[in-house]
Amino acid sequence: MDVSINNLTKKFGNVTAVNNFSLEIKSGEFVAFLGPSGCGKTTTLLTVAGIYKPNSGSIVFGGKDVTFAQPKDRNIGMVFQSYALYPHMSVYENIVFSMKLKKASEEDKKKAAQEVADLLGIGHLLERKPGELSGGQQQRVALGRALVKKPQLLLFDEPLSNLDARLRISMRTEIKRIQKELGITCIYVTHDQIEAMTMADKVAVLKDGLLQTFQPPIELHTHPCTEFIGSFVGNPPMNLFNSKVVEKDGDIFTILPDKSMMKVNKIVDPKVYNKELRVGIRPEDIEIVDKGTADSSTGIVSLFEPLGRDNLVNVRCGNKTIQLLSSPKAGIEIGDTINFKAVDTQWQFFDLESGKSLLWHTK
Amino acid sequence: MRKHKKSNVAYYFLLPAGILIFLFFFLPVILTILISFTDMSSVTGFSNWSIVGLNNYFKIFVHPDSLHIFGQTMIYVSCTLIFFNVGMGLLIALLAYHLPKRVGGFFRSLWLLPRITPAVVYVLMWKMLAADAPYGVLNELFRVPFGLPTTNLLPEHAMLFCILVNGYIGASFGMIIFSSAIESISSDIMTSSLVDGAGIFDRARYIIIPQLRWPLLFVTTYQTLSLLTSFESIMVLTDGNFGTEVWSLWSYHKALNNYYGNFQYGFGSALSGLLVVVGIVFAIIYLKYFKFGELVKEPLIDEI
């Protein structure tokens with residue numbers, strides 16, 4: 001089912017939680033709402049669910065305006081961070097609750113419950129109460145409860161945030177598998193960019209109630225169209241500093257905080273020279289070089305964090321700290337002086353005032 | 001290494017409260033029951049009484065008033081409990097939850113007024129409400145304008161007024177307990193049930209009320225016991241006339257305040273003692289009915 005959200009605005013008193021938000025979701029698409037806490041993503045989701053009524057704007061499900069329809073008339077499923085299972089009902093009763101309200105027959109209920117239980121591997125838990133289940137099991141039951149209605153739209157509100165790291169990864173895969181298998185349109189709210197990147201077909205990034213961008217996850221990483229997206233998406237986060245781009249002998253360079261110059265490839269030419277702007281480079285796009293060259297920089301290692309596969313190295317560069325990734329085999333220690341150089345095609349440039357990218361203009 | 005000895009400190013901390021409970025709650029019950037085995041009264045005085053065993057209880061059993069006073073007590077307790085202390089309390093709590101926060105709060109605090117009004121003043125207000133025209137509000141406003149005959153409504157509907165007077169005080173207790181219990185249900189569960197297709201009535205029936213089992217048990221038990229034993233507002237309202245003599249008031253009348261001036265301490269104590277037994281029986285029935293054992297059962301959690 002296609003979902004379109006048109007100029008949605010939701011205010012709580014004087015606070016505008018969602019500001020003129022528009023989005024077109026195609027049938028079968030998995031869309032993530034990504035943003036820091038308080039950015040309005042959950043408010044948008046609850047408005048789509050019909051729990052909140054918007055101050056203005058409309059929500060259209062498959063050509064039908066549902067802006068003011070009751071939640072029960074929307075045929076949606078919802079999964080919560082807190083699982084929100086009904087504590088006084090058994091797993092089976094939880095799953096078939098929506099069918100009970102529709103006065104479905106015992107047989108239909110049993111059959112439907114069996115189907116989702118098989119899909120999610122929770123068949124052996126049907127007689128238990130939610131209090132007798134682990135977090136992962138509860139989340140599966142919550143998913144089953146949402147799926148049993150055969151919803152046309154599935155809403156997730158940070159469903160994996162309460163699970164431990166390992167379980168989160170496996171549930172991530174599982175949700176993705178089920179979504180593809182059933183072809184349900186999904187909206188998935190998260191503040192975890194890895195979840196958004198790995199699961200979603202398209203990611204809507206929100207900040208202060210405003211939609212920043214709506215694009216496929218990989219583009220989000222390579223073509224951040226605002227400074228906020230650049231800094232929010234990607235782990236470890238992008239290095240950002242104020243600087244200029246200068247032209248010299250037909251080549252262009254950017255100046256690092258320690259006044260050294262690094263080359264900028266023409267394919268990422270911001271076309272704004274000698275003017276203060278915001279320069280970004282991701283830690284994984286900086287490499288350590290043995291010998292200092294004309295377009296490398298030098299700095300002292302102030303800290304490093306072993307991440308397993310890589311080490312995250314903090315280097316003092318002028319008055320700023322630059323983060324870069326190095327191989328654990330490189331044997332770098334705190335206090336070492338190292339030479340480093342950026343991959344010249346990976347620079348990002350943003351306007352200082354508006355924060356908009358000088359390279360990419362997708363919306 | 002010194003072996004760790006189980007500490008007795010906890011008992012010392014419990015001692016002050018323990019002494020108070022023993023002195024003011026436990027001892028009076030024992031004394032009452034002991035007195036109920038005697039024929040102590042104004043006639044015998046405090047020196048010439050003798051032990052009569054279960055005689056007083058036997059007297060209750062054959063007393064011509066026992067049965068209908070017991071019946072009146074049951075009507076009074078059950079109606080006040082079902083329609084007000086639990087029913088109305090639950091209804092107000094549910095209504096207030098669905099109102100905007102400030103309106104709901106105001107609505108709830110209105111219901112606290114009867115509780116904070118001095119009992120005698122409050123009961124007198126009811127008396128004036130029921131009184132004959134031109135003083136009685138009900139008569140003056142709803143009967144006089146329509147040319148209907150007026151009368152003092154209190155003697156005609158004495159039991160109804162007893163229930164109303166107590167109910168309007170009692171409802172606020174349940175309301176407070178139920179309101180806080182409803183507020184403590186997670187908002188995700190509330191949202192989830194709406195998404196699952198419940199309207200607000202279905203949600204109240206299938207989601208909210210079942211989760212109020214423990215507060216329901218508490219309010220029902222507590223209020224049954226207090227309704228069985230409290231009689232002050234009935235005393236001020238009708239003094240047990242017009243078929244409103246309930247068991248505890250009967251006990252009071254027998255033991256401490258009666259027309260004939262012969263205060264039958266022994267017989268009155270037996271009436272009270274029986275009330276204690278009835279209260280305990282009710283409490284046990286409630287605990288069984290609400291499956292209290294299940295409520296305090298430890299959860300079992302296993303691995304994924």
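Biologist: What should I know about the numbering and the cut-offs before we start?

Modeller: Residues count from 1 along each chain as its sequence is written, and chains are lettered from A in the order in which they are written. As this is a predicted model, local features need pLDDT of at least 70 and side-chain atom pairs count only at pLDDT 80 or more, while totals for chains, interfaces and linings use all residues.

Biologist: What makes chain B more spread out than a compact globule?

Modeller: Its radius of gyration, taken over C-alpha atoms, is set against the globule rule, 2.2 Å times the number of residues to the power 0.38. For 304 residues the rule gives 19 Å, and chain B comes out at 24 Å, well over that, so chain B is more spread out than a compact globule. The C-alpha atoms of chain B fill a box of roughly 85 × 75 × 30 Å along the principal axes.

Biologist: How many helices and strands does chain B have?

Modeller: Chain B has 16 helices and zero strands. Both are DSSP runs numbered from the N terminus: helices are H or I with at least four residues, strands are E with at least two. Chain A, by contrast, has nine helices and 21 strands.

Biologist: Which domains does chain B have?

Modeller: The bounds come from an automatic or database domain assignment, which gives domain 1 (28-65 + 246-290) and domain 2 (70-244). Their centres, over C-alpha atoms, are 30 Å apart.

Biologist: What counts as a contact there, and how many residues of each domain take part?

Modeller: Two residues are in contact if their C-beta atoms, placed from the backbone, lie within 7 Å. By that test, domain 1 of chain B gives 13 residues and domain 2 of chain B gives 18. On the domain 1 side, helix 14 (247-255) and helix 15 (265-289) of chain B each give two or more residues, with the largest share, six residues, from helix 15.

Biologist: Which classes make up that domain 1 side?

Modeller: Ala, Val, Leu, Ile, Met, Phe, Trp, Tyr, Cys and Pro count as nonpolar, Asp, Glu, Lys and Arg as charged, and the others, Gly among them, as polar. The domain 1 side has ten nonpolar, three polar and no charged residues.

Biologist: And where do the two chains meet?

Modeller: That contact takes 21 residues from chain B and 22 residues from chain A. On chain B, helix 10 (187-195) and helix 11 (200-208) each give two or more residues, and helix 10 has the largest share, six. The chain B side divides into ten nonpolar, six polar and five charged.

Biologist: How do you know that a residue is buried?

Modeller: It needs 20 or more other C-beta atoms within 10 Å of its own, C-beta atoms being placed from the backbone; 12 or fewer makes it exposed, and in between it is partly exposed. In chain A, 42% of the 363 residues are buried; in chain B, 32% of the 304 residues are.

Biologist: Why are strand 2 and strand 5 of chain A called edge strands?

Modeller: Two strands pair if DSSP finds at least two bridges between them. The open sheet has four strands in the order 2-1-4-5, with antiparallel pairing. Strand 2 (15-25) and strand 5 (64-65) of chain A each have a single partner strand, so one side of each is left without a neighbour in the sheet. Strand 1 (residues 3-12) and strand 2 of chain A pair over seven bridges.
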